[in-house]
Amino acid sequence: MGVKKESKKLKVAAPKPVEEEPVVMDEQADEGDQVDQDEAGEWGDNDRIEDTDMDAAEGEMDVDETDPNKLREEERQRASRQEQRQLLKERKTARPNGALVFQLKKLWETIRQKRISPELRAEKMAELMGLITGKIQEVTFRHDAARVIQSALKHGSSTQREIIAQELKGKYAVLACSQYGRFIVSKILNMCPKHRPLVLKEFQGQVRKLMRHRDASFVIEEAYSQFANAQQRNSLMEEFYGPEYALFKADKAKSLQAILTENPEKKQAIIKNIRETISSFLEKGAANIGPHTILHRLILDYLLLLPTPSATASKPTESAPAPPANPSAYMVDLLKDHLIHILHTREGSRVAQLILLHATPKDRKHILKSFKGLLGKIAREQHGHTVLLELCSCVDDTVLVSKTVLMELFTDANPGEAMRDPYASRVVLFLLVGRSRRYLVNHVADELEAMDGVRKLTSKKADDVRRKEIVATLSPVWLDLCTTFAGELLRSRSGGQVLVEILKHAEGDKTALIEAISSLTSGTIESHALVSSSASATPKKEVFNAAKKLATEAANVKLAQLALDSKENPDLPDMSSHVLVDRNSTFTLKEMISGGRVSAAAGSNKKDDQKAEEAPLDPSCGAVGIAVATVISKELEYWLRYCATSEAKTSGTTFVLLALFESRAAGVQDALVGSKKGRKKAFSKLVEELSKVAVVVPKEVEKEAADENAGGKRKRGGGKDLKKSAGARQSVIHIFLNKLKESF
């Protein structure tokens, strides 16, 4: 049998195509254009797809060089493709304003480039404006020309933007309904502040219609949430209250509360109109109301108008859903599947709270299941965490809440972060101390109190009983987490608050936690730095592993960034500093030892502090004081000398030592400085030596106080009066040394 030789094949490059219209690729879109993020997939061009297919077919061909017939066939196909390209170009030019759009796109290719001189961009913009002035309305509905106009609004001067906005006047409502034109309206709202009232005025009377439109609804939402003032928002909102408010606009728009105050007889009609609007959006179950805060406010207004639910009201049926016999139950059925999408806004979180409050136990269980897998994200949101507060306040099934819902928050990938997060930590603090305004924002506490009347009708258990049951279930998990992440929690502001309250109110054995806290105070600054550097150092003899090396480098970069961020963010721990030097940890240790509460805000509540001092000291605080004093006593001379070096930089450390010395718990003072018999012999020389250096406040503190008075930074108390306080200007370390000397 003969061996059949394979014919040699050669890759032949395609000939250069004729000059044609520049290909517009979506991947090279303008930086910062909203369309690049929202509508990148909707800017497809059939013509460009055909060009791309031709290039792909023509770019690389396998040609059999031994067969001349095939070569001639390929040449004929190539010529045919060139004819198709020419025909495609002619078709584009034959469209309305086709030649104009072709020129605009050529200029756009230059204008939208990032690396271009301002002079060249200004020159091309002037040329572009000369072409489109007077014809903007004709080309703006084309997808490619719309992109050009967006770039002109972005890169043009204020005068050029005014020209474009003026020509589009009277067409904003139509443009908002266009798949491509809506981005031009967004650009004008963003780039042309003088035309915002004109754009909003064109929407008047059509808000309900535009909100039902897929594209226009996003324009209305952007105008409402980002650019409208309070009166303009009321003007947009009042069109949902009835046709008369859309047809007959007053000179000054009023809020719903003001309308009902002046015309209380219209309340039922307004409720009916709002209910019909909400039902039209939600009854089919396919609408996503998450991005539309204007609807969140509308739903909230409706829920606040509803009467208190009665126990005898019947649930609506599918045959007669409107008007419902029980409006609250009707809204629960409509919204229970949408709460997860709206609780990230303030109005949406209040809607979620009210729905949880009005829901039946079965509906509440359904809502809790929809939260599953997202509890960590919800708890870390500014408004989402308030929904969890209401959940802990109204759901009587505490086993479901603690084991199924909240347990997920403390068993995720990074549970320590949840304990020191500024919002997630408030959920823990709420369970431990209730509605303390020291930890809750005032408006959140007011909203929870305002719903107490409805809560009494829809929930059976008392708030204190419900919270104690949840705390009893979660206490073992909290104690384990605090023991494991004691260093991180102690060095962060929110984590310190959680640590203090868990130490005082959690149930269970706290010995391991107390030992973990006290062990962090051991050693000196130098020994802590040595341990930190040795822990991060890689072993010398180790087989090279590229993946491990990259992971180590990434971890070191992350730690370095964390240390930088922690200086600005009090909730990010700086693990490189000793706990007796770190500002947050010294403040937390002082409050933990003295039995007071950690302030959640800059201004402390003096009444609460006085009550904390008068109340008996918690046994756990006394145990912490003894454990910490025992550890610090081994290096007490070192820390006293450190505090005497610079009062301005070491006041936190001195306050911890002073809190230990003045502790109300028996045995703490003796554990720190020993019994009274041996104190004089051990510390008399040291006290005399350090008293000479620590008598007067350092000069930099006086200068800082004088600068604050001169600059008017201190608004309360009229600044620091240095002359008035001249007789009492003792440093904290001096106070400690005097008290120690008096105890000899």
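These are my notebook entries on a predicted model of one protein.

**Entry 1: ground rules.** I number residues from 1 along each chain as its sequence is written, and I use heavy atoms for side-chain values, leaving out hydrogens and water. Since the model is predicted, I keep in mind that local features need pLDDT of at least 70 and that side-chain atom pairs count only at pLDDT 80 or more, while totals for chains, interfaces and linings use all residues.

**Entry 2: the whole chain.** I looked up the overall make-up and found 44 helices and 2 strands, which are DSSP runs numbered from the N terminus (helices H or I with at least four residues, strands E with at least two). Of the 744 residues, 46% count as buried, where buried means under 20% relative accessible area, exposed means over 50%, and partly exposed lies in between, with a 1.4 Å probe and protein chains only. I then looked at contacts, meaning heavy atoms within 4.5 Å: among those with a separation of 6 or more, 73% come from residues 24 or more positions apart.

**Entry 3: the core.** The largest nonpolar core holds 176 residues; such a core is a set of buried Ala, Val, Leu, Ile, Met, Phe, Trp, Tyr and Cys residues joined through side-chain atoms within 4.5 Å. Ile 502, Met 419 and Trp 478 are among the residues with the most contacts inside this core. When I left aside the neighbours of Ile 502 within four places in sequence, I found Ile 502 in contact with residues including Met 419, Trp 478 and Lys 510.

**Entry 4: helix 14.** In helix 14, which spans residues 230-237, I noted Asn 234, Ser 235, Leu 236 and Met 237 as buried. The buried residues of this helix pack against helix 11 (196-203), helix 12 (207-212), helix 13 (216-227) and helix 18 (293-305).

**Entry 5: helices 13 and 18.** How do the axes of helix 13 and helix 18 cross? They come within 8 Å and cross at roughly 75°, where axes are lines fitted to C-alpha atoms, for helices over the stretch in contact, and angles run from 0 to 180 degrees between N-to-C directions. Helix 13 and helix 18 are therefore roughly perpendicular to each other, a term that covers 65 to 115 degrees. Ile 220, Glu 221, Tyr 224 and Ser 225 of helix 13 meet Thr 293, Ile 294 and Arg 297 of helix 18.

**Entry 6: Ala 223.** Ala 223 also lies in helix 13, and I list this residue as buried because its relative accessible area is 1%. Not counting residues up to four places away in sequence, Ala 223 touches Leu 189, Leu 200 and Ala 228. From Ala 223 to Asn 190 I read 33 residues in sequence and 9.3 Å in space, C-alpha to C-alpha.

Key: Angles under 35 degrees count as roughly parallel, over 145 as roughly antiparallel, 65 to 115 as roughly perpendicular and the rest as oblique.
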